[in-house]
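Trainee: I have the sequence and the coordinates open. Can we go through them together, one question at a time?

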Amino acid sequence: MDIKELYQEIVLDHGKNPRNKNKLKSFNKEAKGHNPLCGDKIHIFLKLDNDKKVEDISFEGEGCAISIASASIMTETIKGKEFNVAKKILENFLNMLKESSKLRINSLSEDENTTMMSLSGVKRFPMRVKCATLAWHTFMHAAEEKKGTANTEK
Ligand code: ZN
């Protein structure tokens, strides 16, 4: 199996069997995100503890396979991480999609890096990049307690 096939398999798996797709029983931050170009809607539930650690995170939503897979991968990757680390991961992820840079985050395991890189295929499709970044923007929206809905077009 070449790397492209591996990436496709990972995205398909997360799209079909999304992780952390439920509403947390206890959360202290939440935000909704909308990608009007595709119709994707994501609702993030976040529990940040006092030490600014992502104690728990989940999502609900409807959208294309890419948006759901991305939300699944995002929640799986940053759960249990310090908020500052999660923010760094987010920045690296956005850079990876904007430029053709490879993802190399020291705080991530080899497997976590591979899983995040699996979304790199969307780079060739600018419309799809918004599907892949929606959950990440919505996470920041929740963490920073911004008002309103995170919107990929604003
Ligand atoms: Zn989409």
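Mentor: First, a term: helices are DSSP runs of H or I with at least four residues, numbered from the N terminus. Keep in mind that this is a predicted model.

Trainee: Which helix gives the most to the lining of the largest pocket?

Mentor: Start with the pocket. Its volume is about 310 Å³. Of its 15 lining residues, S118, S120, G121, V122 and R124 are the closest to the centre. The top contributor to the lining, with five residues, is the helix spanning residues 3-16, α1.

Trainee: Which element gives the largest share of the lining of the second largest pocket?

Mentor: This pocket holds about 190 Å³. Its lining includes K130, T133, L134, H137, M140 and H141, along with K146 and T149. Two elements give two or more residues: β4 (150-151) and α5 (126-143). The largest share, six residues, comes from α5.

Trainee: How many residues of the lining of the second largest pocket are polar?

Mentor: Count by class again. Three lining residues are nonpolar and three are charged. The polar count is six.

Trainee: With which side chain does the side chain of H43 make a polar contact?

Mentor: Look at the neighbours beyond four places in sequence. H43 touches E30, A31, K32, S58, F59 and E60. G33, ten residues away in sequence, has its C-alpha 6.2 Å from that of H43. The polar contact, at 2.6 Å, is with the side chain of E30.

Trainee: What is the length of the polar contact that joins the side chains of S67 and D40?

Mentor: S67 sits in helix α2, residues 65-78. It is buried, at 1% relative accessible area. Beyond four places in sequence, S67 is in contact with D40, I42 and C131. The polar contact between the S67 and D40 side chains is 3.4 Å.

Trainee: How many disulfides does a search of the whole structure find?

Mentor: Consider two cysteines. C38 is partly exposed, at 31% relative accessible area. C131 is buried, at 1%. For a disulfide, two cysteine sulfur atoms must lie within 2.5 Å. Across the whole structure, the number found is zero.

Trainee: Where is N20 placed?

Mentor: Its backbone deserves a look. N20 is not a glycine, although its phi is positive, about 60°. At 18% relative accessibility, N20 counts as buried. Its place is in the loop between α1 and β1 (29-35).

Trainee: Is E145 buried or exposed?

Mentor: E145 lies in the loop between α5 and β4. This residue, other than glycine, has a positive phi near 50°. Its relative accessibility is 52%, and the cut-off for exposed is over 50%. So E145 counts as exposed.

Note on methods. Residues numbered from 1 in each chain as written. Predicted model: local features only at pLDDT ≥ 70, side-chain atom pairs only at ≥ 80, totals over all residues. Heavy atoms only, no water. Contact = heavy atoms within 4.5 Å. Polar contact = N/O pair within 3.5 Å; in protein donor to acceptor, adjacent residues only side chain to side chain. 1 Å grid on protein atoms, 1.4 Å probe; cavity = no way out; pocket = protein on both sides within 12 Å on 5 of 7 lines; lining within 4 Å. Points joined across faces, edges and corners; volume = space filled by probe spheres on them. Nonpolar A, V, L, I, M, F, W, Y, C, P; charged D, E, K, R; others polar. Buried < 20%, exposed > 50% of the residue type's maximum accessible area, 1.4 Å probe, protein only.
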